[in-house]
Amino acid sequence: MKLAVEGVGKDFLIPVLDSVSFAAEAGEFVCLLGPNGCGKTTLLRIVGGIEPATRGRVLLDGQPVGTDRAPARRVGVVFQEDRLLPWLSLADNVALVLKPLGLDREARRARSLRYLHLTGLGGFEGYYPSRVSGGMRQRAAIARALAIEPDVLLMDEPFGALDAQNRRVMQDEVRRIWRETGRTILFVTHSIEEAVAVGTTLVMLSARPARVRELIRNDGGRERGKLVDDLTAMITEEVARQQGPGAAR
Amino acid sequence: MNTRNWARRLHLPTLIALTAVVAAWTVLSRRYGAYVLPGPLSVVSGLAEIVQSGEIWSHTAASLTRIAIGFGFAVLVSLAMALGAFVSTVARGIVEDALAILNSTSVFVWIVVSLIWFGLSNWGPIFTTFMITLPVVASNLVEGVSSVDRRLLEMGDVYRLDGGQKFTSIVIPSTVPYLLAGAKIGFGLALKVSVVAEIFGVTSGIGYAMNLSRETLATRMVFVWALVMVLIMVAVDKLLFGAMDRRLTHWR
């Protein structure tokens, strides 16, 4: 098992995640779905070792993930915003995160160019982030996350800031990149259409405090339109529950 | 380049206003006499005289050396303060309060204090420049380090950058624009303040030359030295800070 989330819970002032468990094999493309504010991003941050869990644990290749800095396992993260450094070229942005891996300058440069090429940014490596479009910045952020050759790639609504057309293009792109690299991906989205379009495994979370409501294999066995309808019904129910009794009426 | 662009580059409206001022200056100088208000032409010829005699260089060099030392120290101490403010919120509180106090202290306090402490020496103007420019440069820098985007630092954590890597690739570049802005204002202030401090206790520098001209009733030279100050300010602003700005923030 590549990634195992075991009874993970998180309390802030109120319990946000109750107890979430699921697992993913190497090379799976897992989509986390759920009503807004149910803790999808929090769960992703726990898996990424950015935040500690209140309960439970996350295993990556059988090793527990913690917030300490020990780089035993590599996690690449694509945030909602690109989080590129505006004063570095796209190539230098990617090369920067390779420094902790102990690669020399030339190896960093070569690998940075390879992954920029993979994400369709060949020829743009010398550009500053302010000179390229939002879609291209997000491509560079994906290149950066892939360049460390992560055990798992986490993506937190990475296309939320893009317009509908760019979004569709990027969904196809991320699907292609996933096929070409064989990475294990955990992808947070609130869009059911997006999840059905890109994911192989769909994890539907319940209303806050979140548990796994349903885990669905999206391997073509179920008809897509039907799947979207079922998931939409589920999420509507969960949203109503989260807003409290009476809110649905 | 067409004529419109040239007009803009030369700040044509400014030139027209300047011409009006010079004309009024000429009229007033005729009316009140050269002792009260020397005419523009005699000021320009005075400038030519000190260029020829070399006096302009020795006094300007003396002033700029004192500014460079006082202002340079102010920048160094500001960097230390900003670093402290970045790593500890307690230190940040102390630094901010200290800067508020320094900010509200008059130039004259430092001039008098430095006369008592350093007597008739170069250290008077240097110390005064240091004390006056420190709060300006430091407040800008402290604001710079506290406005570093936390989301970028978090990105650094996710990719396991160590403290040094985060500092050099995230904190310093985000702070550079604030440092430049602070240095620009600070240098202007340093020039004005050090010249005042040079009236007391030293025998070289623009302030000294200006005060000596007043005492020897050479009003014309007072205006000449004022003109020298303006020229230094414009030159440093356009050449030095302009070049630094273009070099350090070209990614914008």
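Buried area is the accessible area, taken with a 1.4 Å probe, that two parts lose on being put together, summed over both. In this predicted model, the area buried between chain B and chain A comes to about 2,100 Å², and carbon and sulfur atoms give 60% of that area. Chain B brings 18 residues to the contact and chain A brings 27 residues.

Now for the helices of chain B. Two helix pairs share helix α11 (residues 219-248) of chain B, with α10 (residues 206-215) as partner in one and α9 (residues 163-197) as partner in the other. Here they are side by side.

| Helix pair | Axes come within | Crossing angle |
|---|---|---|
| α10(B) and α11(B) | 7 Å | roughly 160 degrees |
| α9(B) and α11(B) | 11 Å | roughly 165 degrees |

Angles over 145 degrees count as roughly antiparallel, and therefore α10(B) and α11(B) are roughly antiparallel to each other, as are α9(B) and α11(B). As for handedness, α10(B) passes α11(B) in a left-handed crossing. The contact between them includes I206(B), A209(B) and M210(B) of α10(B), and W225(B), M229(B) and I232(B) are among the residues of α11(B) that take part. By class, this contact has 10 nonpolar, two polar and one charged residues.

The crossing of α9(B) and α11(B), by contrast, is right-handed. Residues in contact there include L180(B), F187(B) and L191(B) of α9(B), with M229(B), I232(B) and F241(B) among those of α11(B). These residues divide into 13 nonpolar, one polar and four charged.

Just after α2(B), G33(B) takes a positive phi of about 90 degrees.

Chain A has some backbone details of its own. R208(A) and P209(A) are joined by a cis peptide bond, with omega about -10 degrees; P209(A) sits in the loop between β9 (201-205) and β10 (210-217) of chain A. R83(A), a residue other than glycine, has a positive phi near 50 degrees, and R83(A) lies in the loop between β6 (75-78) and α2 (90-96) of chain A.

Terms used
Residues are numbered from 1 along each chain as its sequence is written. Chains are lettered from A and ligands numbered from 1 in the order in which they are written. This is a predicted model: local features need pLDDT of at least 70, side-chain atom pairs count only at pLDDT 80 or more; totals for chains, interfaces and linings use all residues. Side-chain values use heavy atoms; hydrogens and water are left out. Helices (H or I, at least four residues) and strands (E, at least two) are DSSP runs, numbered from the N terminus. Axes are lines fitted to C-alpha atoms, for helices over the stretch in contact, and angles run from 0 to 180 degrees between N-to-C directions. Angles under 35 degrees count as roughly parallel, over 145 as roughly antiparallel, 65 to 115 as roughly perpendicular and the rest as oblique. A crossing is left-handed if the near helix is turned anticlockwise from the far one by less than a right angle, and right-handed if clockwise. Contact means heavy atoms within 4.5 Å. Ala, Val, Leu, Ile, Met, Phe, Trp, Tyr, Cys and Pro count as nonpolar, Asp, Glu, Lys and Arg as charged, and the others, Gly among them, as polar.
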